[in-house]
Number of protein chains: 2
Amino acid sequence: MAFSGLQTVFATVAIVNCIKQFATGGNRMNESIFQACFRLFLYFGVWVVVVGFVYSQELVSGSRIGIAIHGGAGTILKENMSPEEEETYRAELREALLVGYEILKGGGSSLDAVEKAINILEDSPLFNAGKGAVFTNSGTNELDASIMDGKTLNAGAVAAVKHTKNPISLARLVMEKSPHVMLVGEGAAVFAEKLGMKPVPQEYFYTEKRWLQLQKIKAREKSVAPDKPVPRGSQSRTEKFGTVGVVALDQDGNLAAGTSTGGMTNKRFGRVGDSPIIGAGTYANNQTCAVSATGHGEYFIRGVIAYDVSALMQYGGLSLAEAADKVIREKLGAMGGSGGIIAIDREGNIAMPFNTAGMYRGYMDRNGKPVIRIYRD
Amino acid sequence: MAFSGLQTVFATVAIVNCIKQFATGGNRMNESIFQACFRLFLYFGVWVVVVGFVYSQELVSGSRIGIAIHGGAGTILKENMSPEEEETYRAELREALLVGYEILKGGGSSLDAVEKAINILEDSPLFNAGKGAVFTNSGTNELDASIMDGKTLNAGAVAAVKHTKNPISLARLVMEKSPHVMLVGEGAAVFAEKLGMKPVPQEYFYTEKRWLQLQKIKAREKSVAPDKPVPRGSQSRTEKFGTVGVVALDQDGNLAAGTSTGGMTNKRFGRVGDSPIIGAGTYANNQTCAVSATGHGEYFIRGVIAYDVSALMQYGGLSLAEAADKVIREKLGAMGGSGGIIAIDREGNIAMPFNTAGMYRGYMDRNGKPVIRIYRD
């Protein structure tokens, strides 16, 4: 490094002398004009270096904030979506992004940004989380969520909860108000009530769209093979996954990630996917990155997908983009799994790879403008 | 490699000539005796190389089998244990080890060895798994277990099941007979019955020792702080963890890991620890290792401990012993967590680090003899 620096200095001096010779043709008058120009040029260079340095220091000290969001990956094709429908999705994703971004801009924590942005998507009937969650085989809604704090590596998760309007907020309470990480089923409901979280009736989660989805799948199951077990992965290629998730970096340089879902349509037997599993669906660590996943959960659990991005960065020396790409395009693909992740590192770099037709996703660009994407574009 | 091989040959020829010159002093008679000796020496060398090669081929082709076992880590001190009590633990661990080892020796799969060895410990009232599981705050027993196949990366897990005699066997059914990885609560019970697994009443799990443990903790809680929330980790330093787990390598070179537990005494709100979490309490991958954990589960979830050993081997180039040690002694310790792991790699190397006073553990040594350890010895 020092050697190549010296080389650069010598080369520059040589080049400047050549230019000087060429420009002045040895004339003394021209030479002094050249010197004035050169000095100006030099001052400008110093100014560029100083400004660049200050800017990079700002990055390091953490004034750089960032947020990315997803609303699920799956068979999302432009030809199946009306312009109006598409705009509804875009508007909801934009709203959630802005809610999170405003918190970060005001000096709020990445945890707050993650929770509040996810609340917007949970309250929206469009996504498979909170209101609008998919139905289980027995016609109920069972919700999973998890959140992780990259600063402390604290985490909270709930699974198979039936009466919690905003599962991500309950996951945060588990993290902050209990000695545990994961609570499931009725027990989680008791904990929620104990902490003053009002239960909602199951009817709250009902949407006609999700109900019809369940009926369609059940009818198909009946017509094809009445008593055959569902083959592993049979649903993944045909259904949309509407899990939601947010990752954020705040002004203090703290990363956080959160994920919330209704799981898989027609799920049975108390099935739990990757969303409430720390390391699979959600992971955050200030040393590396924050990750939230969406897709065919079983593969994300077996591949320990969210933590794998962090491990590839920490132990393998990969950048966020390289690690995220490797995990989704190589590892998940090789396993036969489908889905995607959103990820942000401590410098605010964002990666959003997926191996499905589409993924509802968005982020704030460096100028503070929301960017929303749905298809492979 | 080829170059250094040639060098070796030339050097050997030169040395042999020197020795010949020195030993025979140029005498023809001595020279022929020397040649006979040298030929003998050469034959012996070839024999050593051939035997070594055959032996190493046997290793590579996987005839090397291995198994390790744990019955929980925690405050296990020699001064608190009678010789009879100690021998009871040793005998149970030995029995489980031998059951697993016999399966492996007979050409059975590592999955079978893991499941059947864990069944022995689940059926024993000594360990906190199956019969003898600890009690929840509400006086029930809720069991968690998981199993993973290193060959296919398939996995199965159950959490908060109340009527399953052998949760590890149910976890295996989830892996092999359902498209899912994790089933929780009542749903898992419905699945179990559907597959012909008979439920047992809650009373089956009762042991007086565990019941008294619960009463003691409850009394202490009452006397200290009636309404204060239990601080994170307050229980970890004083209680024993009796989670059980097995890791194994079979003749086909396949790794498997399994873990089964009753969780934490006095657990509330459907708390789930690391044992049923793939990546936290259990992980297996033929490319690296198989791991089963025991300890204060919340820290193992947050640290993604079981998978971390594998990631350090795969991405960081560490050996099994180095990776296992780093994860338990550095990472878990730095987080404030306590517990241990057992791990085996594809060459049959075994590591069993823990940062508590003791850990019930054992393995089969290279001569097929069981080795049982309890304390730091």
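**A chat about chains A and B**

Q: Which residues does E347(B) touch, not counting those up to four places away in sequence?
A: Leaving out residues up to four places away in sequence, E347(B) touches R64(B) and L249(B). Contact means heavy atoms within 4.5 Å.

Q: What sort of model is this?
A: This is a predicted model, where local features need pLDDT of at least 70, side-chain atom pairs count only at pLDDT 80 or more, and totals for chains, interfaces and linings use all residues. Residues are numbered from 1 along each chain as its sequence is written, chains are lettered from A and ligands numbered from 1 in the order in which they are written, and side-chain values use heavy atoms, with hydrogens and water left out.

Q: Back to E347(B). Where does it lie?
A: E347(B) is in the loop between β10 and β11 of chain B. Strands (E, at least two residues) and helices (H or I, at least four) are DSSP runs, numbered from the N terminus.

Q: Is E347(B) buried, partly exposed or exposed?
A: Its relative accessibility is 49%, so E347(B) counts as partly exposed. Buried means under 20% relative accessible area, exposed over 50%, and partly exposed in between (1.4 Å probe, protein chains only).

Q: How far apart in space are E347(B) and G253(B)?
A: They are 8.3 Å apart, C-alpha to C-alpha, and 94 residues apart in sequence.

Q: What is the strand order in the open sheet of chain B?
A: The order is β8-β9-β10-β11, four strands with antiparallel pairing. Strands pair if DSSP finds at least two bridges between them. β8 (282-284) and β11 (350-351) of chain B are the edge strands, each pairing on one side only.

Q: How many bridges join β10(B) and β11(B)?
A: Two bridges, in the antiparallel sense; β10(B) covers residues 339-345. I344(B) has I350(B), in β11(B), as its bridge partner.

Q: Which strands does α9(B) touch?
A: α9(B) packs on the sheet and touches β8, β9 (289-295) and β10 of chain B. The directions of α9(B) and β9(B) make about 145 degrees. Axes are lines fitted to C-alpha atoms, for helices over the stretch in contact, and angles run from 0 to 180 degrees between N-to-C directions.

Q: And α10(B)? Which strands does it lie across?
A: Helix α10 (residues 320-335) of chain B lies across β9, β10 and β11 of chain B, at about 165 degrees to β10(B).

Q: Why is α9(B) largely enclosed by the rest of the structure?
A: Nine of the 10 residues of α9(B), residues 305-314, are buried, so the helix is largely enclosed. Among them are I305(B), Y307(B), D308(B) and M313(B).

Q: New topic. How many residues of chain B are in contact with chain A?
A: 44 residues of chain B are in contact with 44 residues of chain A. Between them the chains bury about 3800 Å², 65% of it on carbon and sulfur atoms. Buried area is the accessible area (1.4 Å probe) that two parts lose on being put together, summed over both.

Q: How many salt bridges cross that interface?
A: Zero, by the rule. A salt bridge needs a side-chain nitrogen of Lys or Arg within 4 Å of a carboxyl oxygen of Asp or Glu.

Q: Which element gives the most to the side of chain B that touches chain A?
A: α6(B), with five residues.

Q: What about A160(A)? What is its phi?
A: A160(A) has a positive phi of about 55 degrees, although it is not a glycine. A160(A) sits in strand β3 (residues 155-161) of chain A. With a relative accessible area of 10%, A160(A) is buried.
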